[in-house]
There are 2 protein chains.
Amino acid sequence: MTEVNRQILLVSRPQGAASADNFRLVEAPLAPLADGEVRVRNHYLSLDPYMRGRMSDAKSYAAPQPLNEVMIGGTAGEVIESNNAAFKPGDKVVGFFGWQEYGTSDGKSLQKVDDTHVPLSAYLGPVGMPGVTAWYGLNRIIAPKAGETVVVSAASGAVGSVVGQLAKQAGARAVGIAGGPDKCRYVVETLGFDACVDYKAGNLYQDLKAATPNGVDGCFENVGGEGLDATLARMNAHGRIALCGFISAYDGTPLPLKHPSLLLTQRLLVQGFIVSEHMDVWPAALKELGTLVAQNKLQYRETVAQGLENAPEAFLGMLKGRNFGKQLVKLI
Amino acid sequence: MTEVNRQILLVSRPQGAASADNFRLVEAPLAPLADGEVRVRNHYLSLDPYMRGRMSDAKSYAAPQPLNEVMIGGTAGEVIESNNAAFKPGDKVVGFFGWQEYGTSDGKSLQKVDDTHVPLSAYLGPVGMPGVTAWYGLNRIIAPKAGETVVVSAASGAVGSVVGQLAKQAGARAVGIAGGPDKCRYVVETLGFDACVDYKAGNLYQDLKAATPNGVDGCFENVGGEGLDATLARMNAHGRIALCGFISAYDGTPLPLKHPSLLLTQRLLVQGFIVSEHMDVWPAALKELGTLVAQNKLQYRETVAQGLENAPEAFLGMLKGRNFGKQLVKLI
């Protein structure tokens, strides 16, 4: 058996923007499996914006990632060795082993998945945490009615792409915000949104206004900053804002909301949320999302970096919007 | 019978701060009562911050007050003549006649009130729109649990004073924000809040921090600006913000929210509301509030200007916080 496990540790916290210096690649020995344990060869590592928050030790919903430990993260892979009756070699599993090639578990937080009709990597995307995040914010906070308009930022991303497609299925008008003409074309032509505004084109408010002739009833916010200000100015009375991410503020730059009094004059609801606090919805949401992917009714796209050593660069690029769809690292 | 009705009209919209020039006192003839009509001598005129919003024609929850018409507003008075079987001279009534000495109504939006145990003016304060506003935001949005901390801005005002007292009755810690030592002393000593922060003392965040050692679970916001920023920075996970007023932004100065990403990291709920959209709660709320006032369990304070001609000045003073408690104009 392999006895070396390559890992990436967080070795320092960002001052301002995160950088490659914050990470270090190390090799660690793999101890023999104890009784009840399972060893997994990770095939895919999920890279997600929330990880930037964990790199910081500012007050947040989660404890910071400890320094000099393996960087956290969701993983999908295959059982290669098992001393646990619930798992056998060859089982495909989703876990939370972080940025390393092998994971060892007592089996408790490991979930077997079926990759017959749904590709293994999709369990880190539309049929995983990002998908359930989209499902929760859209269905439990925005709850769009047919004919309403829903705006989604980072619309080509792992979460945003699902939000818009589910909004369309609910009969709403889906309008994305994304960076650049390629992403916007994908959002409209492949994902089926009604419109997509390119925030890099320099005319965000006017373009959003043109794309939302009836105003905005629901906003699924992944980014914050200028896009949120523009969407807020387009909100109709009794609109709902699901606050899921604030990627524009992750480097510590204070990004004010320019006209918060609109929250009052339009009687808006804002709800910040983190999907791990709503575990009750996961089974139903995953079932629905898995069925949609298996039936080819939910499109998604992946950007795949090759090899653990390229994870930091892929992560930093994702924070700048260089990925296109779900950012993964393929480890094998 | 009297044949002249003095009225105050809105004759121009503010550019920046509202001013006395925006209003004009006129005299209008009182037409003879038609069949089914009721004539009321207004005793009290209610002055409320929301009126500032109606003076503007910016997008808001309500149509702007038309120019050259009687300025809107709640009133309490006495029926002096009636061609309507439901009302007789001497009946005490609450209506929405606006800034004028007499009102004429078909009786539909006129409510008889009993001033045996509750003073007539209280129906414009704790047992009227401001009281129900407090009741709705506290009970339906913040819904404080015993032991939680609720922060209220404009704490000595008509709404804020009720919020804090109801929060205390719910077993919460009530912390006010008010302007000046006199108001703060009143908020603590007479209204029974646990603490009150003087925003004019120049140390708002540190003082609020000291007054909220366990953080903040509920925020009832009447003002916006610096107080809201400070309260937001003290919010605990899953806190609730009832957004009731933004008096600091009424002159059109954009007042940004400095750190909106806290709404996400603390998974906060923000709900803007206007109490006239929740008429279903009024009967139960008014019954509860009326009982509390009659039993002397709900304290309130009034600032009373004398004479219709002094209404504009009293209104402008209220916008600057010069009132102490509910601002009224006594007309007779």
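Modeller: We can begin with a pair between the chains: A:Glu277 and B:Arg267 form a salt bridge. This is a predicted model, and the closest N and O atoms of that pair are 2.4 Å apart.

Colleague: Why does the pair of A:Glu277 and B:Arg267 join two chains?

Modeller: A:Glu277 lies in the loop between strand 14 and helix 8 (282-294) of chain A. B:Arg267 is in the loop between helix 7 (261-265) and strand 14 of chain B, so the pair joins two chains.

Colleague: Is B:Arg267 buried or exposed?

Modeller: The cut-off for buried is under 20% relative accessible area. A:Glu277, with 32%, is partly exposed. B:Arg267 has a relative accessible area of 6%, so B:Arg267 is buried.

Colleague: How many salt bridges does the rule find across the interface of chain A and chain B?

Modeller: One salt bridge is that of A:Glu277 with B:Arg267. A:Arg267 also forms a salt bridge with B:Glu277, with the closest N and O atoms 2.3 Å apart. Across the interface of chain A and chain B, the count of salt bridges is two.

Colleague: What is the area buried between chain A and chain B?

Modeller: The size of an interface is often given as the accessible area lost when the parts come together. Here the contact takes 32 residues from chain A and 32 residues from chain B. Carbon and sulfur atoms give 61% of the buried area, which is about 2,700 Å².

Colleague: How many residue pairs are in polar contact between chain A and chain B, and which elements and residue classes make up the chain A side?

Modeller: The count between the chains is 10 residue pairs in polar contact. Strand 13 (235-243), helix 7 (261-265) and strand 14 (269-272) of chain A each supply at least two residues of the side that touches chain B. By class, that side of chain A has 19 nonpolar, nine polar and four charged residues.

Colleague: Within chain A, how many salt bridges does the rule find across the interface of domain 1 and domain 2?

Modeller: Chain A is divided into domain 1 (4-125 + 300-330) and domain 2 (129-276). In chain A, 19 residues of domain 1 are in contact with 13 residues of domain 2, and the area buried between these domains is about 1,400 Å². Five residue pairs across this interface are in polar contact. The number of salt bridges found there is zero.

Colleague: Which residue has its backbone oxygen 2.7 Å from a polar atom of the side chain of A:Ser161?

Modeller: A:Ser161 is in helix 3 (residues 160-169) of chain A. Because its relative accessible area is 4%, A:Ser161 is buried. Beyond four places in sequence, A:Ser161 touches A:Ala155, A:Ser156, A:Leu191 and A:Phe193. The backbone oxygen at 2.7 Å belongs to A:Gly157.

Colleague: How far apart in space are B:Thr190 and B:Arg301?

Modeller: B:Thr190 is in the loop between helix 4 (181-189) and strand 11 (195-198) of chain B. In sequence, B:Thr190 and B:Arg301 are 111 residues apart. From C-alpha to C-alpha, their separation in space is 9.8 Å.

How values were computed:
Residues are numbered from 1 along each chain as its sequence is written. Chains are lettered from A and ligands numbered from 1 in the order in which they are written. This is a predicted model: local features need pLDDT of at least 70, side-chain atom pairs count only at pLDDT 80 or more; totals for chains, interfaces and linings use all residues. Side-chain values use heavy atoms; hydrogens and water are left out. Helices (H or I, at least four residues) and strands (E, at least two) are DSSP runs, numbered from the N terminus. Buried means under 20% relative accessible area, exposed over 50%, partly exposed in between (1.4 Å probe, protein chains only). A polar contact is a pair of N or O atoms within 3.5 Å; within protein, one must be able to donate a hydrogen and the other to accept it, and residues adjacent in sequence count only if both atoms are side-chain atoms. Contact means heavy atoms within 4.5 Å. Domain bounds come from an automatic or database domain assignment. Buried area is the accessible area (1.4 Å probe) that two parts lose on being put together, summed over both. A salt bridge is a side-chain nitrogen of Lys or Arg within 4 Å of a carboxyl oxygen of Asp or Glu. Ala, Val, Leu, Ile, Met, Phe, Trp, Tyr, Cys and Pro count as nonpolar, Asp, Glu, Lys and Arg as charged, and the others, Gly among them, as polar.
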